[in-house]
Amino acid sequence: MLILFLLLFVGYVAGALLPLCFPAKPRTQSLLAHGCAGVASGAGIVLGLVGLFSPEPWTVSVQSTVPFLSLAVRLDTLSAFFAFTISLAGLAASIFAVDYVSELERKVSIGALGALFNGFLLSMTLVVLADDGFFFLIVWELMSVVSYLLVVTEHEKADVRYAGLFYFIMTHIGTAFVAVTFLFLYQTSGSFSFEAFRDPAHRLPEGIRTLAFLTALIGFGTKAGIVPLHVWLPYAHPAAPSHVSALMSGVMIKTAIYALVRMYFDFLDGQFPWWWGFVVLTVGAVSALLGVMYALMEHDLKSLLAYHSVENIGIILLGIGAAMIFQSYGLKELAALALLAGLYHTINHAMFKALLFLGAGSLLYATHTRNMEEYGGLLRRMPWTGAAFLVGAASIAALPPTNGFVSEWLVFQSLFLSFHVPDMFLKLMMPVAASILALTGMLALACFAKAFGISFLALPRSLHARRAEEVPFSMRMAMGLLAAICVGFGLGPVVVVPLLDRVVAPFIGVSIAENILAMDGWTLAPVSIEFSSLSTPAIALLLVAMGAVGMALATLIGGSVQARRYKTWGCGIALSPRMEYTATGFVQPIKRVFATIYRPTVKLETEFLEESRYFAKRRHFEFHVEPVFPKYLYDPVIVFFTTLADRVKVIQGGSLHLYLMYIFATLIVLLLFTV
Amino acid sequence: MLSEMGSQLIDLCSALLLLTCFAIVAQRRLAACVDLFALQSAFLAGTAALVGFLTDNHHVYVTAAMTGVVKVIIIPVVLKKVIQRLNVKRELVMNVNVPVALLICGALVILAFFITRPIIPLGHVLTRDSLAIALAIILIGLFTMIARQKAVTQLVGFLVVENGLFLGATAATHGMPFVVELGVFFDVLVAALIAGIYTNRLQDAFDSVDTSHLTGLKE
């Protein structure tokens with residue numbers, strides 16, 4: 001294992017350094033950087049798998065000369081699972097980036113971009129492997145800073161700089177809370193080593209435990225993007241180059257999920273009052289619903305995907321929150337099921353979100369715009385990208401038989417099983433969470449019907465879309481890899497679930513793989529086969545069979561098939577792109593229904609012909625959704641601090657003598673103080 | 001007997017140092033200020049040599065000699081050249097006028113003695129009053145920097161602060177480690193040179209060495 005770990009480490013470091021040795025040769029730099037990243041992430045995948053199967057955690061540690069800091073690495077099944085997820089997404093992003101970065105060649109140094117990309121992957125992997133609080137904070141901060149630098153890749157644009165600054169501030173607020181959490185743990189255990197944190201002898205005092213729970217939720221929640229701390233995601237993720245967005249949205253926010261699970265189920269040894277789980281569950285439900293609702297109103301494809309990350313983090317937290325509730329009532333089997341569902345959705349989201357971001361990157365590569373209103377008809381021009389994007393869209397919308405469906409179904413099951421909880425209030429609230437999840441699923445489906453339909457179907461809406469061409473092979477290969485994984489994880493839950501059970505079992509204390517897998521070997525049945533069961537291969541077969549039967553019936557009843565090629569829904573009129581549904585138009589009904597949440601402002605200006613008011617010459621339509629969280633939560637805070645800063649600025653008079661006077665006065669006061 | 005007299009001598013030298021401080025505060029002519037600083041440094045060198053003699057610390061002789069070279073000769077010569085080039089002879093406008101400034105300095109000396117009173121019995125018998133005087137010199141130097149507007153006098157104020165620190169260090173420890181003192185000398189020399197250049201630039205930019213003009217740099 002040491003060899004694999006060293007291969008991973010050396011690979012990323014080499015990928016970070018080598019490209020810098022070949023300035024002004026972007027192609028060589030790109031190949032070197034992403035080649036090394038590919039090798040290293042390949043090692044990471046194997047390391048993750050080995051870690052999943054090894055019975056004992058693997059550790060290695062190097063004592064450093066810096067006080068408090070020991071460079072300790074530990075690979076248990078949870079770390080292995082996350083390292084596997086990160087490496088898998090990293091491999092796809094590396095393959096994709098080889099050709100994708102040529103798009104950025106003229107604007108930025110490919111060497112620097114590749115170096116940062118490797119650093120980003122390395123720091124993320126180390127975050128999930130770190131076994132020392134201090135070391136964890138260092139790599140956590142490294143991950144934040146490197147990702148900030150990647151966000152501001154195209155720093156000549158003002159909105160990118162704004163996004164970067166916003167991200168930088170938010171992530172540091174989060175890090176501050178994380179640091180406080182670790183200091184709480186340090187205070188009791190007297191050491192920063194994770195071993196000391198999880199030692200039951202160092203149990204935190206009751207009040208501090210609650211505080212640590214909250215600071216961890218806020219600190220890691222900022223990185224994960226829970227509502228209302230999600231505001232940076234829709235700025236920062238779209239601003240980064242697409243292969244980096246794929247990693248940020250797909251796996252970086254998952255490091256926060258890792259840290260939360262590690263914190264609650266490991267350091268706080270899985271013993272907590274019921275309301276902790278309820279808080280996490282509520283946060284999850286709100287994030288899921290609001291995330292997808294704001295996503296619907298986005299017409300920038302990458303921002304839309306970023307909002308969907310908020311939604312999916314919400315779904316993952318629903319699973320974790322349910323697990324915490326079950327755990328606090330001692331319902332171990334159910335806790336294991338819910339946590340397993342959350343983790344299953346974690347890896348699934350990593351895969352399909354990376355796939356969708358790479359798809360968005362391909363569209364950007366081909367059309368040079370992120371605005372969906374300028375796409376259209378791309379399926380005919382980019383069939384491979386379109387097919388891969390469709391698989392990703394089906395997964396995120398949780399359509400069977402894809403992976404998103406399986407994990408959301410498991411989350412549903414664990415929420416439905418809440419009737420085992422003795423508390424009446426929770427018995428009522430958990431089905432409410434399930435219904436919110438159902439609503440979320442419906443809206444996600446609508447959103448991706450929009451995203452896929454508006455982008456890929458009908459006629460091109462702009463010159464960019466008309467001129468689009470299919471992307472190079474490496475990019476298609478990366479998307480194909482992820483699409484295959486999405487379908488594979490959907491069809492093979494009976495393989496994935498026992499693996500995840502190995503991750504969950506050490507923390508909950510029971511293994512449920514036996515119970516979940518029904519006897520026939522290809523069906524999942526979380527409780528009993530009578531209550532509910534799922535077999536995705538069967539569904540897939542059924543879907544194919546239905547299609548075949550439909551075709552057969554059509555031939556049987558309708559006679560022989562006559563092919564007539566004509567424009568769809570043409571009705572004899574020559575179709576033009578102006579007749580198409582726009583993305584804005586598509587979501588109008590939903591906007592109306594949820595007007596209380598969106599608070600939309602619509603501005604319609606019409607310029608009439610002078611001769612008659614029955615003929616409009618020009619129409620101008622504007623439509624905005626009120627940014628509730630930035631406006632009512634963030635703006636007051638920002639205003640408060642800027643006014644405070646203005647007040648304080650008075651003492652900065654600009655006069656040298658005044659400053660000397662301050663020093664002098666301070667000195668005298670301090671001297672008098674000591675007497 | 002010897003130590004009794006030595007203590008008296010050191011007190012005398014320290015008092016002379018303090019006296020030159022007051023003279024600097026009262027002096028409007030820049031060239032005279034620099035001369036007074038050179039005189040103060042000479043007294044400082046004398047005090048250091050005396051401490052070295054009475055305590056048998058031979059490396060203190062070296063620092064005394066270096067004080068003589070750097071602070072009595074090099075820095076005053078540099079400053080005189082700056083004054084000549086700039087053609088500023090007198091400080092006409094002051095933030096605090098001379099009588100008030102002298103009164104404030106008197107108050108600062110009382111303050112310094114008041115502050116150091118609790119720690120004086122803990123010091124070496126030989127040099128214990130020097131510590132209070134050193135603190136008084138530091139405070140007066142800092143005050144000079146606030147009270148004056150010309151860059152050259154501010155520089156002199158800074159060097160007076162440094163002299164005060166040196167006296168304090170010598171008084172409290174009978175000479176710091178030699179390496180530290182070397183470093184401090186080098187710092188002072190560089191600081192004086194930089195400040196001289198800065199003064200020239202100030203003259204070029206504002207046609208004056210009045211640091212109040214720098215207020216305009218604030219946004």
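Modeller: A:Gln63 sits opposite A:Ser70 in β2(A). This is a predicted model, where local features need pLDDT of at least 70, side-chain atom pairs count only at pLDDT 80 or more, and totals for chains, interfaces and linings use all residues. Residues are numbered from 1 along each chain as its sequence is written, with chains lettered from A and ligands numbered from 1 in the order in which they are written.

Biologist: How many residues lie between β1(A) and β2(A) in the hairpin?

Modeller: Six, and A:Phe68 in the turn has a positive phi of about 70 degrees. Strands β1 (residues 58-63) and β2 (residues 70-75) of chain A pair in the antiparallel sense over six bridges. Strands are DSSP runs of E, at least two residues, and helices are runs of H or I, at least four, numbered from the N terminus; two strands pair if DSSP finds at least two bridges between them.

Biologist: OK, helices. At what angle do the axes of α2 and α3 of chain A cross?

Modeller: Helix α2 (residues 26-53) and helix α3 (residues 77-100) of chain A cross at roughly 155 degrees, their axes coming within 7 Å. Axes are lines fitted to C-alpha atoms, for helices over the stretch in contact, and angles run from 0 to 180 degrees between N-to-C directions. α2(A) and α3(A) are therefore roughly antiparallel, a label for angles over 145 degrees.

Biologist: And which partner does A:Thr606 have in β4(A)?

Modeller: Its bridge partner is A:Arg619. β3(A) and strand β4 (residues 616-624) of chain A pair in the antiparallel sense over eight bridges.

Conventions. Parallel < 35°, antiparallel > 145°, perpendicular 65-115°, else oblique.
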